[in-house]
Amino acid sequence: MSALFRLAWASLVNRRFTVAVTVATIALSVLLLLGVERLRIEARSSFLRTVSGTDLIVGARAHPVQLLLYSVFHLGDATNNVGWDSVQRLATRDDVAWAVPISLGDSHRGYRVVGTTSDYFRHLQTADRPLAFVQGEAFDGLFDAVLGADVAAKLGYALGDSMVLAHGTAALNPHQHDDRPFKVMGILGRTGTPMDQSVFVSLQAIQAIHLNWRSGTRIGNAPAEPTAEQLQPSSVTAVFVGLRSRMATFAVQRAVNEDRNEPMTAIMPGVALQQLWSMLGLVERALQLTAACVVLAGLLGMLAALLGTLSERRREMAILRALGAGPTTVSGLLLMESLLLTVWGLLTGLLLLYVLTAALMPFVLQATGIALDLGWPAASEWRLMGWVLLSGVLVGAVPATMAYRRSLADGMMVKQ
Amino acid sequence: MQFGNKSMWQLVFSALIWVGLQSAAMAEVRGIDWLELIPPEELKAMESQPIVDHNGTPIAPDYSNSHPVLTMNGVEGRIPGYIVPITVTEENTISEFFVVPYFGACIHVPPPPPNQIIYVKPEKPIEMTEIWAAYWIEGKLKLENQANSLGQSSYSMELTSVTPWEG
């Protein structure tokens, strides 16, 4: 067995260039296959860890997935707002333990601003862990801001720094609220969720900076000392709700959905997330199928390379036969070569995957909020690699069988 | 195949007996009906309710009269229902869920009352299920005294298994 191994190794090393190209083809296809799988798993777990500890999310009437996407993941925009009296009615229900309203619509250099109450930091969780401050604390004064981990890191903010919010969600924005700068009061720890890319201020602050805005345009400066009445929010984008007892979930959800005062939708976050995945399932399937086809293409390339050299190696086979190798040994040699090529391709592909992941991690996080992982491959990834290995050996069986037949026919004489 | 081999026949027979025992065990699992979870007097009241009217405003459900059946505490069996995930882990497994008799019913039908909802927190999170598919949920029913706004206890279950419901 080890003799076969050494023979196969030497044979491949002898044909370095062809071998290198074949290994590169397989490596790239493996990179694609594992890359797609890794991204799929990371995206899913990134989304799953964001939704934690909240029983219901309430917003203006919308498709459940749409509501989930804009309220939790800050993807897309709200269809409408929820009136303050509806929020109050919801918060004062007997079966509601806590209600945290949020107000979206402003941004800071591309990062979303979330207007909310200080209860946000007390009740909202990610990955079953409460939010933690690495520096400072929740907002206290009117123009205090709390930063998510990435915002502070990327923009280099420290406690006490001053920042100006912009109206709307565009990254480069001419509509600045620069008459009312904010002070950084706290910085949150990393969560690996969209919270890292958010700036948190109080609901009153959102009201305050918009006091001199009419129909989306700024007129003059905001009043220096706004009254409590002026700071009372009239509407919010969504409300996160925690219930006293889980058993009331369906009843509260139905009460919100059927509210005659205002059209609203209440969603169970876990259910809405599964609805999102079933919608995306088709895309995932398509990506996986494409990646599998690319691997097949790579392996067929290997087949072509092995078959191509078969004729040239007839003399080599004859010499081996003369030295006492049976036809099984000869075909075993070709099987071993294909196995080695596949293994090298797999290892190179895996190496490329880790290198690329390490290099692209910060960019992917910034662009999509997905935190890539540099850990050991997951169970599904091991399975995929197993399939690739098996396919490589099966593909190798083709030239191996041909070599078997030919060496039987040729014997020790080469007919050339 | 050689029929003269005695030990091989023994193997075949023991395999058949094993299969027989398995199906007997399956047949022993008690089926739980959703209506068993409602006290008889409430069932009578439900029967006297008007037929679902698809016109006009639906009546808000009143669940202050919804009580569990105390004798169902400790009953082991399986119930056909729909799984509604409450908490999903990062690995896309369900760590807490509700079992309900129907799901996605039209908006004019009231949501399930507390005695038609079973809360399950399995020891080990279960694989993700289809929201719109029915499952056999097998385990031991328990009555928990939970402080809720309705001041009543509600059903939960110690889970044994979840299998797809097939006709």
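Chain B contains 2 helices and 6 strands. The model is predicted. From the N terminus, the elements of chain B follow the order α-α-β-β-β-β-β-β. Chain B has 167 residues, and buried residues account for 25% of them. Contacts in chain B were also considered by sequence separation. Of those between residues at least 6 apart in sequence, 66% join residues at least 24 apart.

Strand E5 of chain B spans residues 134-144. Two pairings involve E5(B). Strand E1 of chain B, residues 76-88, pairs with E5(B) in the antiparallel sense over 7 bridges. Within this pairing, B:Gly77 has B:Gly139 of E5(B) as its bridge partner. Strand E6 of chain B, residues 154-164, is joined to E5(B) by 10 bridges, and these two strands also run antiparallel. Here B:Glu144 is bridged to B:Ser154 in E6(B).

B:Phe13 lies 119 residues from B:Trp132 in sequence. The C-alpha to C-alpha distance between B:Trp132 and B:Phe13 is 42 Å.

Chain B meets chain A through 23 of its residues, which are in contact with 21 residues of chain A. On the chain A side, helix H2 (16-50), helix H9 (249-257) and helix H10 (269-310) each supply at least two residues. By class, the chain A residues that touch chain B comprise 9 nonpolar, 4 polar and 8 charged.

Helix H2 of chain A also packs within its own chain. The axes of H2(A) and H13(A) are 10 Å apart, at an angle of about 155 degrees. The two helices are therefore roughly antiparallel to each other. Their crossing is right-handed. From H2(A), the residues in contact are A:Val30, A:Leu33, A:Leu34, A:Glu37 and A:Arg38. They meet A:Ser380, A:Glu381, A:Leu384 and A:Val388 of H13(A). This contact has 5 nonpolar, 1 polar and 3 charged residues.

The axes of helix H11 (residues 314-322) and helix H13 (residues 379-410) of chain A come within 10 Å and cross at roughly 65 degrees. That angle makes H11(A) roughly perpendicular to H13(A), because the roughly perpendicular class runs from 65 to 115 degrees. The crossing of H11(A) and H13(A) is right-handed. H11(A) contributes A:Arg314, A:Met317, A:Ala318 and A:Arg321 to the contact. H13(A) contributes A:Ala403, A:Arg406, A:Ser407 and A:Asp410. The classes in the contact of H11(A) with H13(A) are 3 nonpolar, 1 polar and 4 charged.

Strand pairing in chain A was examined around E16(A). Strand E1 of chain A, residues 56-60, is joined to E16(A) by 4 bridges and runs antiparallel to it. A:Val58 stands opposite A:Val239 of E16(A). Strand E3 of chain A, residues 96-108, is antiparallel to E16(A) as well, with 6 bridges between the two. A:Leu243 of E16(A) is the bridge partner of A:Val96.

Two loop residues of chain A have a positive phi without being glycine. For A:His74, phi is about 55 degrees. A:His74 lies in the loop between helix H3 (64-72) and strand E2 (82-83) of chain A. A:His74 has 21 other C-beta atoms within 10 Å and is buried, because burial requires 20 or more. For A:Arg109, phi is near 50 degrees, again positive in a residue other than glycine. A:Arg109 occupies the loop between E3 and strand E4 (111-116) of chain A. With 15 other C-beta atoms within 10 Å, A:Arg109 is partly exposed.

Methods. Residues are numbered from 1 along each chain as its sequence is written. Chains are lettered from A and ligands numbered from 1 in the order in which they are written. This is a predicted model: local features need pLDDT of at least 70, side-chain atom pairs count only at pLDDT 80 or more; totals for chains, interfaces and linings use all residues. Two residues are in contact if their C-beta atoms, placed from the backbone, lie within 7 Å. Ala, Val, Leu, Ile, Met, Phe, Trp, Tyr, Cys and Pro count as nonpolar, Asp, Glu, Lys and Arg as charged, and the others, Gly among them, as polar. A residue is buried if 20 or more other C-beta atoms lie within 10 Å of its own, exposed if 12 or fewer, and partly exposed in between; C-beta atoms are placed from the backbone. Axes are lines fitted to C-alpha atoms, for helices over the stretch in contact, and angles run from 0 to 180 degrees between N-to-C directions. Angles under 35 degrees count as roughly parallel, over 145 as roughly antiparallel, 65 to 115 as roughly perpendicular and the rest as oblique. A crossing is left-handed if the near helix is turned anticlockwise from the far one by less than a right angle, and right-handed if clockwise. Two strands pair if DSSP finds at least two bridges between them.
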